[in-house]
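Please have the sequence and the three-dimensional view side by side before reading on.

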Amino acid sequence: MMDVEIQGMKPQFVDVSGYGTLSAAALKKRTRVICTIGPSSWDVEMLGVLLEQGMNVARLNFSHGDHATHARTIARLKEALAKRPGLQCAVMLDTKGPEIRTGFFAGENEGGKIEFKAGETLVLTTDYDYKSDGTKLACTYEKLPTSVKAGNQILVADGTLVLEVTGTAPEKGEVECLVMNTVAIGERKNMNLPGVHVDLPVLQPKDVKDLQDFGVPQNVDMVAASFVQSAADCEYIRKVLDDAGGSHIKIMSKIENQEGLDNFEAICDACDSIMVARGDLGMEIPPEKVFRAQKMMISTCARLGKPVVVATQMLESMISNPRPTRAECSDVANAVLDGADAVMLSGESAGGKWPKEAVAIMSRISVEAEEEYDFDAAYVKELELERKAHKTLSIVEATTAAAVNAAVTCGAKLIVVFAHTGATAALFAKYKCPIPVVVVTSHPEVARFCAGLISGVKVLLLPDHTRYGYQHESGEDEAAMVTEATKFAVVNGALANSDDVVCALHSYRINSTKNVAMRFFKAGSACL
């Protein structure tokens, strides 16, 4: 084969110049960064800046804002992406979900605060029309008197006010509590019931409307569902989406209480991805146990091949400060070292003073942590766990695991994967492939999902190249797709020499049989 100079090559069929706008850390990192979008970040210019610094998913928090506001955010995100050709960014709809809140105040305290003093008795009533004078407080949860018992704690306003249940009166719809600390709180504050099963549907009427009237028409990529407690919750969310034509929308289950932890493996099996939502989780279980729950969920997701996000207060101080604390940096790094696929910013990017800096440092921390990650040990661990659980692997999974091993052994610089669903790409993340992976797909929704949640991959969308994989026996577009992927890897720095080894993995059909193949070649040969 004649030597081919590949430097300066770029894809022929698609513009990927947007990759040239990325920061060094954004281009290098494997870990995905999810940014909550709000007033600090929702204009076109700042959305573009966040993309350049490493944002992979734009999170829309439906606890705030209306449909028109969120629709404008999506439109501005599309505008920012259009200025950066080739970049992909998924959109997440995060539901408000089931919640319990306190009521309103009466008289001179209306709209203000009431001080509750340690040692006093406070009665909680399910009559939400009742306005508090400081001795009785309304709440939205009608089943509270039959859900709690003496000795249970109730946390109000993110744990600012701690109550201990001393008695219940279901016939009156009341719960008597002892106030454990002195504090003044305002109206409509959230309530958590640690260790108590909350009997509320995972989707409230507002959530159903948000999914069916906004999420599906706006073609969001994923729904992060709050307070998922069972596999049945996932099945219900799936039905709500499917009934409205949203079968393509992925479901991310947010684990926020003990019930979710108790049913975690079944939930993980029933959904597409997991969020370790440490805010409410730290209210619902003892805070000193949150780290253990986080590690358990990450390891279970790795074993089941499901992307997992670590969220809440990761760089909280950057809401006000231009630099994070050392503890926050360690928190992000440890999530990456635990094996998280993505880390998330909330108020830091939605309402903070330093959204650009928060995304930038999160990307840089991810790069540093990834350099310390033991990919070989993770590969061996996941393969042993899979063999122990299933004795034999599926053909696709066995071939993917073998491809990771073979590519590392022969010193390959790149792996190319053809994708119709992204499932095979997710397997490369499961087996912690240390080699850059380019996912080539003709499906925009697959491109956004892989770019948003599959760690370690870069995505090349070729909408006009549809004849590949099991669905198309001819596979006529596959050679061109490999060539485009190779040139794309040159653009983003994964390949530098014509002698660099590339591994391509794809499925194909012979008659009605699905087959999976991997092949190795020199980068220069794909570019002839």
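A residue is called buried when its relative accessible area is under 20%, exposed when that area is over 50%, and partly exposed in between, with a 1.4 Å probe and protein chains only. The model is a predicted one, in which local features need pLDDT of at least 70 and side-chain atom pairs count only at pLDDT 80 or more, while totals for chains, interfaces and linings use all residues. Residues are numbered from 1 along each chain as its sequence is written, and side-chain values use heavy atoms, with hydrogens and water left out.

Most residues other than glycine have a negative phi. Ala157, although not a glycine, has a positive phi of about 60°; this residue is found in the loop between strand 8 (153-156) and strand 9 (161-169), and at 10% relative accessibility Ala157 counts as buried. Helices (H or I, at least four residues) and strands (E, at least two) are DSSP runs, numbered from the N terminus. Arg188 also has a positive phi, near 55°, and is found in the loop between strand 11 (183-186) and strand 12 (190-192), but Arg188 is partly exposed, with a relative accessible area of 31%.

Among the helices, helix 17 (residues 444-453) has 8 of its 10 residues buried, so it is largely enclosed by the rest of the structure. Its buried residues run from Val446 through Ala447, Arg448, Phe449, Cys450, Ala451 and Gly452 to Leu453.

Helix 2 (residues 44-53) and helix 3 (residues 67-82) have axes that come within 8 Å and cross at roughly 60°, which makes helix 2 oblique to helix 3. Here axes are lines fitted to C-alpha atoms, for helices over the stretch in contact, and angles run from 0 to 180 degrees between N-to-C directions; angles under 35 degrees count as roughly parallel, over 145 as roughly antiparallel, 65 to 115 as roughly perpendicular and the rest as oblique.

On a 1 Å grid over the protein atoms alone, a cavity is a set of points where a 1.4 Å probe fits but cannot get out, whereas a pocket is an open set with protein on both sides within 12 Å along at least five of seven lines, and lining residues have an atom within 4 Å of a point. Grid points are joined across faces, edges and corners, and a volume is the space filled by probe spheres set on the points.

How many cavities of 30 Å³ or more does a search of the whole structure find? The search finds 2. The largest cavity has a volume of about 120 Å³, and its lining includes Arg30, Asp341, Glu370, Ala429 and Lys432. The second largest cavity holds about 70 Å³ of space, and among the residues that line it are Cys301, Lys306, Asp341, Ala429 and Lys432. Helix 10 (290-304) and helix 16 (423-430) are the elements that give two or more residues to that lining, and the largest share, 3 residues, comes from helix 16.

The second largest pocket has a volume of about 530 Å³. Of the 29 residues that line this pocket, Ala26, Leu27, Lys29, Val457 and Lys458 are the closest to its centre. The largest share of the pocket lining, 4 residues, comes from helix 1.
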